[in-house]
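Me: Please walk me through this structure, a piece at a time, and I will ask as we go.

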Amino acid sequence: MDKVTIKGLKLFAYHGVNPEEKENGQSFIIDVDYFLDMSKACAADCVDDTVSYAAAVKTIRRVFTEKSCDLIERAAEVTAAALLEDFKKIEKVTVTVKKPDAPVNAEFEYMAVTVTRERK
């Protein structure tokens with residue numbers, strides 16, 4: 001199976017347990033790997049034979065920002081599910097949601113969760 005990677009997609013959203021996270025929002029960084037058979041696209045050199053990363057970003061942006069989730073686990077799940085729903089060619093997807101400004105009293109680069117979902 002072949003893989004497309006979207007790395008470091010920056011989105012502003014209102015996910016979090018704390019009231020100020022839901023009210024003020026914050027920046028998130030999203031990494032996505034999606035897996036599909038790209039042999040036809042490679043042979044034909046036609047975007048219709050793959051899943052365009054531009055189209056995938058539109059789906060990610062839409063679902064990640066349209067509703068507030070308490071947990072980034074849920075935000076990652078919703079994103080993965082939407083990619084599988086919108087693009088039937090995707091067989092498997094891994095979504096990592098990074099929260100660089102998590103309200104934790106510590107020095108860190110980011111907190112993150114990763115979910116992997118496959119078509120059944």
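**From the surface to the core**

Me: Let's start with Lys-88, is it buried or exposed?
Reply: Lys-88 counts as exposed, because its relative accessibility is 51%, and the cut-off for exposed is over 50%. Please keep in mind that this is a predicted model.

Me: Which residue does Lys-88 meet in a salt bridge?
Reply: The side chain of Lys-88 meets that of Glu-85, with an N to O distance of 3.7 Å. Glu-85 is exposed as well, with a relative accessible area of 53%.

Me: How many salt bridges are there in the whole structure?
Reply: A search of the whole structure finds 7. One of them joins Asp-31 to Lys-98, where the closest N and O atoms are 2.8 Å apart. That pair links distant parts of the chain, since Asp-31 sits in strand β2 and Lys-98 in strand β3, 67 residues apart.

Me: And Asp-31 there, buried or exposed?
Reply: Asp-31 counts as buried, because its relative accessibility is 15%, where buried means under 20%.

Me: Which salt bridge does Asp-86 form?
Reply: Asp-86 meets Arg-62 through their side chains, at 2.7 Å from N to O. Asp-86 belongs to helix α4 and Arg-62 to helix α3, so this pair ties together parts that lie 24 residues apart in sequence. Asp-86 counts as partly exposed at 36% relative accessibility, and Arg-62 is also partly exposed, at 38%.

Me: Back to β2, then: why is it called largely enclosed?
Reply: Of the 11 residues in β2, 8 are buried, so the strand is largely enclosed by the rest of the structure.

Me: What does β2 pair with?
Reply: It runs antiparallel to β1, to which 10 bridges join it, and in this pairing Leu-11 stands opposite Phe-28 in β2. β2 also pairs with β3 in the antiparallel sense, over 7 bridges, and there Asp-33 stands opposite Thr-94 in β3.

Me: OK, new topic: how many residues are in the largest nonpolar core?
Reply: It has 30 residues, and those with the most contacts inside it are Val-32, Tyr-34, Val-93 and Val-95. The elements giving two or more residues to this core are β1, β2, α3, α4, β3 and β4, and the largest share, 6 residues, comes from α4. As background, nonpolar side chains tend to be buried together in soluble globular proteins.

Me: What is Tyr-34 in contact with?
Reply: Leaving aside neighbours within four places in sequence, Tyr-34 is in contact with residues including Val-4, Ile-6, Val-51, Tyr-53, Ala-56, Ile-90 and Val-93.

Me: You mentioned Ile-6, so where is that?
Reply: Ile-6 is found in strand β1, and it counts as buried because its relative accessibility is 9%. Apart from residues up to four places away in sequence, Ile-6 touches Ile-30, Asp-31, Val-32, Tyr-34, Tyr-53, Ala-56, Val-57 and Ile-60. Asp-31 in that list is the residue that forms the salt bridge with Lys-98.

Me: Last one, Glu-21: buried or exposed?
Reply: Glu-21 is buried, because its relative accessible area is 6%, and the cut-off for buried is under 20%. Glu-21 lies in helix α1, residues 19–24. Beyond its neighbours within four places in sequence, Glu-21 is in contact with Tyr-14, His-15, Gly-16, Gln-26, Lys-99 and Pro-103.

Technical notes
Residues are numbered from 1 along each chain as its sequence is written. This is a predicted model: local features need pLDDT of at least 70, side-chain atom pairs count only at pLDDT 80 or more; totals for chains, interfaces and linings use all residues. Side-chain values use heavy atoms; hydrogens and water are left out. A nonpolar core is a set of buried Ala, Val, Leu, Ile, Met, Phe, Trp, Tyr and Cys residues joined through side-chain atoms within 4.5 Å. Buried means under 20% relative accessible area, exposed over 50%, partly exposed in between (1.4 Å probe, protein chains only). Helices (H or I, at least four residues) and strands (E, at least two) are DSSP runs, numbered from the N terminus. Contact means heavy atoms within 4.5 Å. A salt bridge is a side-chain nitrogen of Lys or Arg within 4 Å of a carboxyl oxygen of Asp or Glu. Two strands pair if DSSP finds at least two bridges between them.
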